[in-house]
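Here are some friendly notes to read beside the model. Please keep the 3D view open and find each residue as you go.

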Amino acid sequence: MADAALELRRVGRTYRSEAGALPVLTGADLVLVPGEIVALVAPSGSGKSTLLHLAGLLEKPDSGKVFVRGRDAGALADRERTAIRRDSIGFVYQFHHLLGEFTALENVVLPQMIAGTSKREAQARARKLLGAFGLAARESHLPGKLSGGEQQRVAIARALANAPAVLLADEPTGNLDVATAGIVFEELLATVRTHGVAALIATHNPDLAARMDRTVTLRDGRVVPL
Ligand SMILES: Nc1ncnc2c1ncn2[C@@H]1O[C@H](COP(=O)(O)OP(=O)(O)OP(=O)(O)O)[C@@H](O)[C@H]1O
Ligand SMILES: [Mg+2]
């Protein structure tokens with residue numbers, strides 16, 4: 001689709017080990033248009049993280065294609081894939097992967113500076129994002145000195161730092177209590193809707209899924225509506 005922010009076309013991924021071949025994705029199709037927020041709800045081990053990693057160009061599929069803003073990622077040089085990841089995709093990992101030796105603020109500033117934003121501008125945006133996620137008083141904390149939920153909120157702020165066209169989030173509120181998850185999620189939705197981001201968010205929380213535009217699941221390695 002020409003105006004899709006993200007498209008997976010017949011994507012296949014099989015993990016191979018001594019134990020044999022494990023087909024996780026067997027021809028997954030998915031289209032996300034700008035401004036659309038889709039919940040990915042599927043049982044543990046069904047391939048949600050695998051799908052998100054492929055969509056985020058963190059891994060390559062064995063078969064099929066991934067298009068980001070109409071560009072076939074499989075046809076690009078590594079350098080171009082990296083540029084798309086940096087400029088067009090925000091990724092919130094299931095396990096947050098913050099840089100431990102940098103403060104919360106620096107974790108949100110760095111990806112912007114790598115993308116060419118000035119330090120002053122990057123800091124201003126980072127403060128705004130951290131403030132929106134209730135972390136104004138935690139800017140100078142190292143990740144190790146933040147609670148699990150706070151780390152997760154920093155990771156969400158970081159994923160949004162470069163105003164991505166596509167946001168991929170792997171259970172972004174998994175470590176949060178119900179009330180905080182609701183607040184963080186509301187803020188995430190508001191940011192995504194304001195900026196017309198296309199978002200795919202894996203969650204086990206049916207209340208959060210219900211607040212998104214539609215829900216898909218994985219069945220036998222394919223994406224189907226739920
Ligand atoms: N690198 C790997 N090598 C071999 N098998 C893998 C690898 N990564 C994932 N798997 C297997 O692929 C399947 C899908 O894993 P994936 O992490 O995508 O599931 P998930 O839906 O994200 O689960 P969860 O809800 O528990 O996070 C699992 O059975 C897992 O054991
Ligand atoms: Mg997972």
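**Notes on strands and salt bridges**

1. Let's start with the strands: β1 (residues 6–17) runs antiparallel to β4 (residues 63–68), and five bridges pair them. Strands here are DSSP runs of E with at least two residues, helices are runs of H or I with at least four, and both are numbered from the N terminus. Two strands pair if DSSP finds at least two bridges between them. In this pairing, E7 sits opposite F67 of β4. Before going on, note that this is a predicted model, in which local features need pLDDT of at least 70 and side-chain atom pairs count only at pLDDT 80 or more, while totals for chains, interfaces and linings use all residues. Residues are numbered from 1 along each chain as its sequence is written, and side-chain values use heavy atoms, with hydrogens and water left out.

2. Next, look at the hairpin. β4 also pairs in the antiparallel sense with β5 (residues 71–72), over two bridges. V68 has R71 in β5 as its bridge partner. Two residues lie between the strands of this hairpin, and R69 there takes a positive phi near 50°.

3. Is R13 buried or exposed? This residue of strand β1 counts as buried because its relative accessibility is 16%; buried means under 20% relative accessible area, exposed over 50%, and partly exposed in between (1.4 Å probe, protein chains only). R13 touches residues including L22, V24, L54 and P61, where contact means heavy atoms within 4.5 Å.

4. R13 also belongs to a network of salt bridges with E59 and D62. A salt bridge is a side-chain nitrogen of Lys or Arg within 4 Å of a carboxyl oxygen of Asp or Glu. By this rule, the model has 13 salt bridges.

5. Which parts does the salt bridge between D29 and R10 tie together? The closest N and O atoms of the two residues are 3.1 Å apart. D29 lies in strand β2 (residues 20–32) and R10 in strand β1, so the pair joins parts 19 residues apart in sequence. D29 is partly exposed at 34% relative accessibility, and R10 is partly exposed at 45%.

6. Please check one last pair: E150 and R138 form a salt bridge with an N to O distance of 3.3 Å. This pair links helix α5 (residues 148–160), which holds E150, to the loop between α4 (119–132) and α5, which holds R138, 12 residues apart. E150 is buried at 13% relative accessible area, whereas R138 is partly exposed at 30%.

Definitions and conventions
Chains lettered and ligands numbered in written order. Lists of a residue's contacts leave out its neighbours within four places in sequence.
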